[in-house]
Every structure is written in structure tokens, then in C-alpha cells.
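Below is a short briefing on one structure. Please look over the sequence and the model before reading the points.

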Amino acid sequence: MRFALLLLAIFAAGSTAAQTTYPSRPVTIVVPFSPGTGIDILARTLGERFSARWGVPLVVENKPGASGNIGAESAMQAAADGYTLLMTATSFATNVALAKRLPYDPQKSFAPVALVATGTLALVVAPTSPARTIKEFVELVRAKPGVLNYASTGNGTVQHLTMELLKQALGIDLVHVPYKANAGAITDVAGGHVEAMITPVHTAGPLVKQNRLRMLAVLSAERSPVFPSVPTLKEEGFPDLEVEVWYAMLAPAGTPQPVVARLNSEVQEILDSNEVRDALAKQGLSPVGGSPDRLAELLRTELARWPRVVAKAGIKAD
Amino acid sequence: MEILSNLALGFSIALTPQVLAYAFIGCLFGTLVGMLPGVGPLTGISLLLPVTYGLNPTIAIVMLAGVYYGAMYGGSTTSILMRIPGEAASVMTCIDGYAMTQKGRAGPALAIAAIGSFIAGTVSVVGLMLLAPPIAAVALKFGPPEYAALLTLGLLVLAYLSSGSTLKMLLMALVGLLVGLVGIDQMSGFARFTWNVPELADGVGVVPVAVGLFGISEIMLSARSSGALKVQKPRLADLVPSREEMRASAAPILRGTLIGFLVGVVPGSAHIISSFVSYALEKKISKHPERFGHGAVEGVAGPESANNSATSGAFIPLLALGIPSGAVPAVMLAALMIHGISPGPQLMQSRPDIFWGFIASMYVGNVVLLILNLPMVGLFVNLLRIPYAYLYPFILALCLLGVYSTNQSTVDVWIAIGFGVLGYFLRKLEFDTAPLVLGVILAPMLELAIRQSLAMSGGDWSIFAKRPIAGTMLALVAALLIYNLLSRGWRTRVGLEEK
Amino acid sequence: MPRLLAVLLIAAALLLMVQKSRPARPMDLSDARITAVIVLLLGAATFALERAGYRATVFVFLLVVLAAVERRPPWLSILLSGGFALGSFHLINTVLRVPLPVSRWGW
């Protein structure tokens, strides 16, 4: 009996020891995009809070390139001790659909830590467009297949694929005009050069308020609190097309379970703070959190969905 | 006048000691960051962004704007002293700026760069203040065809950049254009020239090319003469620009300001080419174009001013419409939004204190930088007294550091080294390397714009002629081309005969 | 599009070669040796950067250039190289929080 207690005590001491010694040196989070992008700012916001709570700095390492593959590969190769993390977004799933070969396995190379935040997408049209509701838009496009254009932030991006998904589900045909960055794309829709695009709600926000853009629908389950008058696609009688931009934190596969759990609870607490909720809301993001399993579930569904869209639309990338 | 009272409001906010202190920190930080080759304002702003969360909006914006301007100033410093471009926009300053340094006129070069930047920054902020809404409305009219036309104009600029034979220039430009096309094609998703190296998927990157071609090659060329390079002991006269240098710089500064402002307003990353355009213009209208490349002060004054005013110009779409026109304004937009500010026309009405505080802080930032930089001129020139043999290893290490830090990528460093070797041989063969860099910058943008336009028109090339702005610009380009070919006789232009 | 450019490039190069049949000054390659050494050292440094970590690489690089190539006094070279490697690392990595490569052994 005493022996058992002793074992228990040692075991408890051992596991608490493991808990308190992490983190004992700076932690790096790899952001596979350039500084200043939404995901980078999110990572830095989290980083500041982590550093304050742990007393150990969390450093952001930007490794942009190949739509996030370079950063992902680098994180995968790091030691699975919890000192290297990866911040990733929806492109993580869409890349799988596009690339012939990936240097990593999206399911097996990483351990999910936490789903951090999500953002809502919206369908916007140029102010010069005759369509005032989503129904009118669909009719307009069906009447002129292959004539009207839509913008996106590039071939293979979430905006592009989402619009293709929309085209397939709604039975409409729009011509794709890719841009290099969101700024150029949205400016041209506002200028009436291109008819429509899918864009995050908060990016379109200022322009919609100035009547330089018209928001026809949001692609979430519920209406956006920022634009309560804009219907969801579901409400308008169209098949349930929910697409969200999501941001998540991953760790290399094999990172010890207690470390993952600790990280997850930290993220949860940070996301619960008013300051962070506020900052996120201002960027149009909703904090999520939840257990690592929730993230795993999301990854599964996303990884199943996008290859179908890509195959049907015939999109290729190298 | 209402504007004056608004400005007064803005200044009363901007000139408090606390705000000034943060402006100073931002400028200092920005200058340090800008001096690192390749690391530019984007990195600097992103680094300080989380620090600003707890600060009040005005202070946060002032500090970040300070970083932006500071980085532009810092970039010119390394360009002039070491011929290493701090960022893509400083490339033109390297040419005549470094030539001036070699002649012992580093101090005046730095001073003129600082003064020109200050004047340009201030004037352009005035322009921003007065003209933001109407200009923004015009900027919206710029779609892909107009953009393509503008960039074609930029290509024409190449013709005026060369100091040697047009044919050599053409060769350089073509190489640059080809290099610029490396990467995944935006429209089809196919990878071109990437040889399965994932880091090349997004293109070669101007920074490694510029740093290698200009900075590293320069060191390779000068390393041997390390003992013989003259150690300059600066007298006061060497720190201050001479009367004629000042006089010669006046007009280029004004012209540069105007050019930079106009080019900067166009949404997109076209503002990088403002310094190239300014340089070409100065060279074209100068009475002694052969001086360019050997230390013509106009070659520093013009591009530097163009740079700074393009910076302010780039903010116009952001402030007036709420649309960021490039990566840096996009981060500023994020920063503004995090602090609860939604830029756009309503900003002026709903939060005049923020809007005018921002404008006032841009003035303040310019002044702070001038005060910061002018005394440092003496310090920097003294740095040059260190024998080159001690200096260049550290410069090389700095290049390594700077190029690596941009993308955390050794591939970038390899590219820089490769272009350094290329630059070495090109300089030996008397090729002018600037058109190459311009080609790398222009190629991806131009090709994308053309193909977007075609996608929009369904493959119809006449879209360029049918749209008024694009059509006018292209007609202008054509006219300039014809004028040039006819004026000096095309045979000498093509270099088939000696002039 | 790249094919178009490639064709133009080759055409221009050929034209240039035709034109350059005038005697030109032979290329002054007297400093080729030191250039080659610098390039080799830079290459080695780049190769080592992520494997050996920033500080070690920069330290060795500077040391070799200062002491071996430029033949400056060894004690001074060590001092300057070490100072720069450590100082710049501290400034960039710790103060500015831009990560620099750190090798597996923590250096």
C-alpha cells in the first residue's frame, strides 16, 4: 500500500515537474506568410500574451513562400518538444487539394493544438452592378454565362476556390481574374472593373459602408453582427454553403500530450480575455478555442471538401 | 480656414511630449531597421505592432508611421555609404550616392538625401491633406489595363537609365524581365523556372537581387584595393553640401516630389518605381547627362525625394477610401483597425482628432528624422575613415544578415551571392546593372496586369485602346518612343555606329 | 510570354556580339583571386548558417576574412569578429525579436 502511494507520489511529482519545466526557453512559432498579414498579426497578438504569461518570449518566425508550404515543412522538421509551433490557416487544407506532392502529410505530420479564430467570407459586387440581391445576381450571371468576371487574391487561394465552389453549387459561370493581393482585387471591384468577388467581411466593411461595394450575402451559418442586414446564403434559399477562413495552431507530430494540453489551455485563456476578443473582433475574427480534437475534426472535413471542388473546377497548380 | 484649424487640432495632439517621445522611438527603430540591407518598413512595422496594443491610437499610429519613414531614411544611408540598397526603392540612390562617397562627398550626399526627403515628405503630406479625396476617386479608376499602361511607361523609363549603349541596356532589361518571371504563374498555377526549389515559387525577390547586384559586387570589385582606398578625414566643408550642390538639387527635389506623389497614389506596388522614374527624368533633362553615374547630386536628390513622397502618396487610398494600396499600408490598416479606427471618408467626420493627428504626426515624423539624421551625417562619414579592409567583412556579414532575415531563407542568400558574382562580371564588362533590377520589379507586375486585362476583356486586346486612361497613356508611350527614335537618329541609338 | 522574352534576349545578345567585334579592352581580372575567395567564403557561410547557427558562422566568417585574407592581427580579428557576431545577434534576435538561426546545440 505504502509502496503504491510512493509510486503515485513519484508519478505525480514527475508529471508536475514535466509541466512546470515547460516552457523554460524561448518558443518559436512559425508563420508561413509575410509579416503584416492577418495570420501574422494574429500570431503576434497571441505571442505577446504568451510571453507575458510564461515569462519566456514567444518569437514569431516568418517563413513565407509557396502558399505556406515552406513554413509548414520547416515546422514539421523541428524537434517535437513544444518549442516550435506552426500557425496556419485555411490554405493548409486547400494546398493539399492543389499540390501534386507535399513535403509533409497534413494529417500525420502535425498534432493539432487549437483552433484559434475564424473569419467570415462575403460575396460582394461592384456598385455599378444591377444585382441588388443574391437572387438577382444569380439570375444575372445565368443570363450571361462566361461574360462577367470575378476577382480573387490568386490562383488556388481560398477566395478563388470558394467562388468555384459557389459556381458549382449555384450553377453559374463567371470568369476568374486573379490578383496578387487583396488590396488590388477589392479596389478593382469597387472601381467597377470587375463584377464580383469573395472577400472577408472585415476587408469589405469600410467600402460597403461607403457604398463603394455591395454585400449580397455572407457565407456563414448566421448573419454577421457587423452587417445584420445582409442575409446568409442559407436564408436565401440556396444550398447551405458555409465557408469560413480559419486560423489554427499546430505542433509537430509527436509533441508530448501534456505540452499540447498546456498550450491548448493557454490559448483558451488568452482567447477568453476581453482585450484579445476586442482586438480580434476589430479584425473581423471570432475567437474559437476548443479542444485539439475539435481542430482535428475541422481538418478532416476541410481536407475532404476541397479536393472535390478543385477536381470539379479543373484547377491546377504545380 | 477650416483646414488650418484642423491642423492646429492635429498638432496640438501630435506635439505633446509623450507623442513626440514615441515618434522619436519609432523613427529611431525604423532607421535601424532600414539600415539592415533588405529588411524594410514592413518588417519594422510588424515588429512594433504588438507593442502598440496597449497604447492609445494616436501614439500607436505616430510610432508606426515613424518606423515607416525611418526605414526609408535608413535605407538611403546604406545605399550612399556602402552601395547596398536598404530596400528596392533605394537602388537608384546607390548609383550616384556611392559615387559621391567615393569622391569624398558622402556627407553632402547624406545631407541632401535627408533634406530632399524632408521637403518631399512635408510637401507630399500637404498634398495628401488637401487633395486626398479627389485623388483617391481618380485612383479607383485605375484597373488592370491602366496599370499595365503605367508599367509600360515604366519600361520606357529603362531607355533613359542607361549610360552606355542602348543594346546593352536592352540586354540587361531582358535578363531582368526573365528573372522577374520566375515563380508560379498567377493565372494558371504553373511553376516556371523554379526547378523544384520551393522557395522560388513566389519569385526571385527584388531584395536579394538588388543587394547582390549592387552591394556584394561592389565589395568584390573593391576588396583588392583595400589598402589603397583613401582614408578620408572629413573637414566641415566635407560634411555640408556646397552652394552649387544645393542649387543643383533644388529643382530635382521638387520634381522628384511631384513624381513620387503621383506614382505613389496608384494603388498597388508601383510606387517602387518612383525613384527609377525620377532618376531617368533628371538624367534626360540635365544639361550634362554624362555626369550621372559619377556623382551627380541630382541623381541623389531626385530619387530620394521621389521615394519619400511616394510613401505619403501611398497612404492616400488608405486614408481617403480605407483601401490599402500595398503591403505596408495594409499593415497600417490592420493597426488602425485593431485600435478601433476605420479609415475612410467618415473618419474625417467621426474622429477628426485621429485623422488630423495622423497627418500632423507625418509632419512631425519628417522633422524628427531630419533632426535625427543630420547630426548623424558626421558620425557616418567618420565610419568611412575605417580602412576598407576592416570594413568590408562586416558589410558582407550585414548583407548576409539582412537578406536572410527577410524571409528566413538561405535560398535568398544564395541568390544574392549569385547576383553578386553576376554583377562583378557585368561591371567588368561595363554593363549598367540598374535596368536589370527594374526588369525584375516590373516583369511580374506587368505580365499580371496584361493578363488580367485580357481575362477581363475575354481575350480582346483592344481593351487597352478602348479605355480612356489606358489609351491615353499608351499613346503617350508610343509618342515618346517615336520622338526618341527620330530625334537622335536611330542608328546611333541602337549602337551600330559610334556617336 | 517567357518564350517571347527568351527569343528577344538571344537576339539582343547576338546583336551585341556582332557589334562588339570592335576591339574592346580585355577584362581586368587581376582581382579575380580575392573575389573568388570571398565568394567561396560567402558560400560556405551560407551553407553553414542554418546548420551551425548564426553566431558561430558569422564569427568564423569574419575571423577568416580578417585574419587570413586581410592578414590583420589575430587578437584584433578575434575581438572584432566575436563582438560583431554576438552583438548583432543580441540586437536582432533578442531586442528586435527577428529570429536568427540557432544550431542544434543552442549556438
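How many residues does the contact take from chain B and from chain A? It takes 46 residues from chain B and 44 residues from chain A, where two residues are in contact if their C-beta atoms, placed from the backbone, lie within 7 Å.

This is a predicted model, in which local features need pLDDT of at least 70 and side-chain atom pairs count only at pLDDT 80 or more, while totals for chains, interfaces and linings use all residues. Residues are numbered from 1 along each chain as its sequence is written, and chains are lettered from A and ligands numbered from 1 in the order in which they are written.

**The side of chain B that touches chain A**

- The elements of chain B that give two or more residues to this side are α3 (41-48), α14 (327-338) and α19 (434-457); helices (H or I, at least four residues) and strands (E, at least two) are DSSP runs, numbered from the N terminus.
- α14(B) gives the most, with six residues.
- The residues of this side divide into 27 nonpolar, 16 polar and three charged. Ala, Val, Leu, Ile, Met, Phe, Trp, Tyr, Cys and Pro count as nonpolar, Asp, Glu, Lys and Arg as charged, and the others, Gly among them, as polar.

**B:M456**

- B:M456 lies in helix α19 of chain B.
- B:M456 is buried, because 21 other C-beta atoms lie within 10 Å; the cut-offs are 20 or more such atoms within 10 Å for buried, 12 or fewer for exposed, and partly exposed in between, with C-beta atoms placed from the backbone.
- Leaving out residues up to four places away in sequence, B:M456 touches A:N149, A:V177, A:H193, A:V194, B:P144 and B:I463.
- B:M456 and B:P144 are 312 residues apart in sequence, yet 8.8 Å apart in space, C-alpha to C-alpha.

**Helices α6(B) and α16(B)**

- Helix α6 (residues 106-140) of chain B packs with helix α16 (residues 352-383) of chain B at an angle of about 180 degrees, the axes being 9 Å apart. Axes are lines fitted to C-alpha atoms, for helices over the stretch in contact, and angles run from 0 to 180 degrees between N-to-C directions.
- That angle makes α6(B) roughly antiparallel to α16(B), a term for angles over 145 degrees.
- Residues making this contact include B:L110, B:F118 and B:V125 of α6(B) and B:M362, B:L370 and B:V377 of α16(B).
- The contact residues of the two helices divide into 16 nonpolar, five polar and no charged.
- α6(B) spans only 41 Å between its end C-alpha atoms, whereas a straight helix of 35 residues would span 51 Å at 1.5 Å a residue; the expected span is 1.5 Å times one less than the number of residues.
- α6(B) bends by about 80 degrees at B:L131, and the proline B:P133 follows within four residues. The bend at a residue is the angle between axes fitted to the seven residues ending there and the seven starting there.
- Of the 35 residues of α6(B), 26 are buried, so this helix is largely enclosed by the rest of the structure.
- α16(B) bends by about 35 degrees at B:V377. Its end C-alpha atoms are 45 Å apart, which agrees with the 46 Å that its 32 residues should span at 1.5 Å a residue.

**Chains B and C**

- Chain B has 22 helices and two strands, and 63% of its 499 residues count as buried.
- Chain C has four helices and zero strands, and 25% of its 107 residues count as buried.
- Among contacts with a separation of 6 or more, residues 24 or more positions apart account for 79% in chain B and 47% in chain C.

Notes. Angles under 35 degrees count as roughly parallel, over 145 as roughly antiparallel, 65 to 115 as roughly perpendicular and the rest as oblique.
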